Amino acid sequence: MSKQTQYPRTGFIGAMCVLKWEGMREIDRANEKRVNVLSVFWALSLIGVSAAMAFLDLSRDLGFILPLAPLTLGLLCLRAYLKLLREMDELLRQMQFEAMAVGFGTGLIVGMAILSLPIPAPWPTVVITVSMTLAYCGRIVLGAREMARNARAMEEAGE
Amino acid sequence: MNNRLRVLRAERKMSQAVLAELLDVSRQTVNAIELGKHDPSLLLAFKVSQVFGLPVEQIFDPGLHGEAKQAAE
């Protein structure tokens, strides 16, 4: 059995396998790992700082300094993401840009819809963020499925 | 955009993985270009031209017709 057929090429799992193992180079994997690690640290620092601000009796100075931690980590995360985009394989980059366009577009549409509601919507920021994330991830999954389809076509052609 | 990538690769008995390595792209990018699902960037088109030792226009056909083709010529 060849290396390419050691994992499924159909369904969600198959699409993700093709994306990760055939669609990414080593440098893409390393850059993505850096973004993921920084994102986790950013999220943890955000939660930690929010909890500290809410439950601890902090001095005024510390109250101003503490939020700088997630801000700094967020900026580092943004820089790592830009590096990822710049060095990314061009097919993946196209997928990322399309996913970003769909994500931000969805955020704008959902945001405008929420603003036009006659009653105040509960948790509008959460609704917008979740819809943007789902749209972004959905586009990535569709791109990965397209990759898996191409991989199957390639195998059927005897490549 | 049409291209002769697959034919040229077959002539040289080169696998998609090897070509991808030479071009510093993923195997799926080479596959998508061959299937006409992805148009390569200018840089990648020039790299392909270097690998096969052929001018870009002999590998890629942008499908220009009529006035656009005359203007390009």
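This is a predicted model: local features need pLDDT of at least 70, side-chain atom pairs count only at pLDDT 80 or more; totals for chains, interfaces and linings use all residues.
User: Thanks! Why is A:Glu22 called buried?

Analyst: Buried means under 20% relative accessible area, exposed means over 50%, and partly exposed is in between (1.4 Å probe, protein chains only). A:Glu22 has a relative accessible area of 6%, so A:Glu22 is buried. You will find A:Glu22 in the loop between α1 (11-21) and α2 (26-55) of chain A. Helices (H or I, at least four residues) and strands (E, at least two) are DSSP runs, numbered from the N terminus.

User: What makes the pairing of A:Glu22 with B:Arg27 a polar contact?

Analyst: A polar contact is a pair of N or O atoms within 3.5 Å; within protein, one must be able to donate a hydrogen and the other to accept it, and residues adjacent in sequence count only if both atoms are side-chain atoms. The side chains of A:Glu22 and B:Arg27 make such a contact at 3.1 Å. The side chain of A:Glu22 also makes a polar contact with that of B:Gln28, at 2.7 Å. Between chain A and chain B, eleven residue pairs are in polar contact (both at pLDDT 80 or more).

User: What makes A:Glu146 and B:Lys37 a salt bridge?

Analyst: A salt bridge is a side-chain nitrogen of Lys or Arg within 4 Å of a carboxyl oxygen of Asp or Glu. For A:Glu146 and B:Lys37 the N to O distance is 3.3 Å, and their side chains meet in a salt bridge. The rule finds three salt bridges across the interface of chain A and chain B. On the side of chain A that touches chain B, α5 (90-115) and α6 (124-156) give two or more residues, and α6(A) has the largest share, five residues.

User: How much area do chain A and chain B bury between them?

Analyst: Buried area is the accessible area (1.4 Å probe) that two parts lose on being put together, summed over both. Here it is about 1,500 Å², with 42% on carbon and sulfur atoms. A:Glu90, A:Asn150 and A:Glu159 supply 37% of the area that chain A buries against chain B, more than any other three residues.

User: Is B:Glu34 buried or exposed, and what does it touch?

Analyst: B:Glu34 has a relative accessible area of 13%, so B:Glu34 is buried. B:Glu34 lies in helix α3 (residues 27-34) of chain B. Contact means heavy atoms within 4.5 Å. Leaving out residues up to four places away in sequence, B:Glu34 touches B:Asn3, B:Leu5, B:Arg6, B:Arg9 and B:Gln16. With the side chain of B:Gln16, the side chain of B:Glu34 makes a polar contact at 3.0 Å.

User: Why is A:Leu62 called partly exposed?

Analyst: The relative accessibility of A:Leu62 is 36%, so A:Leu62 counts as partly exposed. A:Leu62 sits in helix α3 of chain A.

Notes: Residues are numbered from 1 along each chain as its sequence is written. Chains are lettered from A and ligands numbered from 1 in the order in which they are written. Side-chain values use heavy atoms; hydrogens and water are left out.
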